[in-house]
Structures are given as C-alpha cells and as structure tokens.
Amino acid sequence: MTGPHSSEPFLDGFDRILADAALTGRRLTRDEIESRRALGAQAAEAGRDWRGLVRAHLAAGREGRPRGADPDSVLAVVEQAVDAFADGYERAQRLVVRKEEAARREFIDDLLHGRGPAGQLAARSERFGLRLSRAHAVAVAEGPDTYDETDPVPRQVADELFGRFENRRILFTTKDGRMVCIAPADQDEVLTHFARHARATTGRAQVAIGRSRPGPVGIGHSYEEALNTLDVAQRMGLDEPLLRASDLLVFPVLARDRQALVDLVQGALGPLERARGGAQPLLDTLIAYFDTGCVAAATARRLSLSVRALTYRLARIHALTGTDPADPAHRYTLQTAVIGARLLDWPTRPLTSAETSF
C-alpha cells in the first residue's frame, strides 16, 4: 500500500490482508484477527485516539482497495479488521483503567494513612489532581449504609461535586464504607457542598470536617480528626448533620490524659453505681439536665418525668455523689465528668477494662 496511511504503525499488515481477502471474498483467518487485536491493544497503550484510528482504517480501505475487488468484500474486510482492532483496544483500555484505579487507590491509602516519604507522595499527587504544597482539609461522610465507589450513592455525590467544581483540585473516594472528600483549605465551599449533597443523597448522613493542615502528612491528620469527630458525635449523641473538628476540640483535650479522665469519672460519678437500677438512669438524667441548660421543666419533658420525679433524681444524685447538679459551683465538675463518661462509654464499659479507649 502506497497511500498516506502506509506508515501508520497500527495498520501494519492491513494492506496485505485487504489485498488477499477482498479479492477472494474470504473471511479473515484467526491469525489475521489476532494480529489486529494485538495492534489495537498497542494503540490503546500508546494513548492513540480511537476516532482517528477508525478514520485511518476507513481511508486505508478506500485507498488500498484492490483493482477489481467487489466493494462489499472490501467493506467486509474493513469491518472484520476494525472489529478485531476494537476488541484489542477495549481490552487494553480496561486493563489500563484497572491499573490506574489500583494506583489511585494505593495513593489515597498512603495519603490518608501517612505512608511513604512526603516527597514521593507530593510527586504522585499531581497525577491525581492535588498540589500537596498547599494546605488541605478532609471531610468524611458516614451514611446509614456502607459504600463503595461503584455504588449509586457515591457516584451521584461525585457527579454533583465534580459537575459543580470541575476545575478545582479536589479528590473524592470511599474508604471503609464512608465517603471522603479532600479539598484545598481555602475552598471550604467544596466541603460544605459535599456535606450537604451527601446528606441529601443518603437521607441522613453525618459529615465531619477535619482541620486544614499543610503538606502530605497534614491530610492524614485531617482525615483522622474527621474520623475522631464522627466517633465523638456517636458517643456524645450529637446529631448535627455537619460537624467541624475545630468546634469540638474540648473532647480530644479531655481524652488526651485518659487516666485523669478515668479518675474524674470514677470519683465524681462512680457512687451512682450504688443506686437501685445502677448508674445509667441517673447518668441519663444528668445528660438531659445539662443538655437543656439545667432547666428542670425542659429536662422533665425530655425524660417523660414529672418535675417532682426529676427533683427527686437530682437529690438522689446529690446524696450519692456529694455534688449538687443545681449548684453552679459543683456543676462544672459534674458536667465534665458526664462528658468523660460518654467518651469512655461508661457504665456500659467498666472503667477498669483495658479495652476502654477513646
């Protein structure tokens, strides 16, 4: 073949196949089909545009048509060749996509867990749309179900996110059944939009946003903060749809010295275990009392008690602990101990248990 496409490497041998098969009207042999598939795979791996490759085949078929060959035979040869070429091209593309996705998942795992040298993470990040020289924050959405990136809910959230912020350097993924969004620190609107749409799509997702941090290691810290914030929300019964780690710093501060927190809970609330029915009903009373701003009537309504019954419970707490919930001088100690009890999951877990953790 002497046409302008004779130098096209991914049409190698096509002129010989066309000359022989079109004149005889035969179908392509197995070896000929395999040669087309192999060239299709090479074209995909080289990143060649599919539309241009099809045009090249059609042009080669037109220009290399043997003299005297039936047009239908020529068209049949081109059709078989392009079909085999497409099969190899698509198989190779799927393999490339799988390899790219595997590399992306590995990068995200390394990034979120702070594995590998910071310089290598930064170098890999450009490939996936992040500039780790900037500070970033991480938002984590926990819904009623667990999710994988192939599930409809994450796909819908991702489509909405990238449809609105298509030119932003952001990253969306799923991790351990949760949806995760990473965005530059100065683009908080991305994370709040992610939170809003995650809740709208799932019906009742809760989203936590970690504090913005610089560098590759900072992303891992922000991610861990977001996870810890979701854990605190569950322990403390916080049902706000959007939580920020920066607004809940008191809880990790309290939990940082675990032994001191255990001692506080044991000393301030431990005597409640001597009550009939155990400590939980009286602890629930204190939780409701502090959550309502120490307003007796509101607390009674929340607990479905009469004000008189509530007053009795508060008096019982005073008698057992020696600390009066209604006394402002005592209230801070009791309220801090109640927060500690919820963080430590007491009294469900005994304070002496080595498994008690935050």
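The axes of helix H11 (residues 280–291) and helix H14 (residues 328–343) come within 10 Å and cross at roughly 115°, where axes are lines fitted to C-alpha atoms, for helices over the stretch in contact, and angles run from 0 to 180 degrees between N-to-C directions. The crossing of these two helices is left-handed, a term used if the near helix is turned anticlockwise from the far one by less than a right angle. On the H11 side the contact (heavy atoms within 4.5 Å) is made by Leu283, Leu286, Ile287, Phe290 and Asp291, and on the H14 side by Arg331, Leu334, Gln335, Val338, Ala341 and Arg342. By class, the residues of this contact are 7 nonpolar, 1 polar and 3 charged, with Ala, Val, Leu, Ile, Met, Phe, Trp, Tyr, Cys and Pro counted as nonpolar, Asp, Glu, Lys and Arg as charged, and the others, Gly among them, as polar.

The model is a predicted one, in which local features need pLDDT of at least 70 and side-chain atom pairs count only at pLDDT 80 or more, while totals for chains, interfaces and linings use all residues. Residues are numbered from 1 along each chain as its sequence is written, and side-chain values use heavy atoms, with hydrogens and water left out. Helices (H or I, at least four residues) and strands (E, at least two) are DSSP runs, numbered from the N terminus.

In the segment after H14 lies Pro347, which is joined to Trp346 by a cis peptide bond with omega of about 10°. Another backbone feature is found at Asp176, which is not a glycine and yet has a positive phi of about 55°; Asp176 belongs to the loop between strand E2 (171–175) and strand E3 (178–184).

Helix H4 (residues 71–113) has 43 residues and reaches 62 Å from its first C-alpha to its last, close to the 63 Å expected, the expected span being 1.5 Å times one less than the number of residues. After H4 comes Gly114, whose phi is positive, near 65°.
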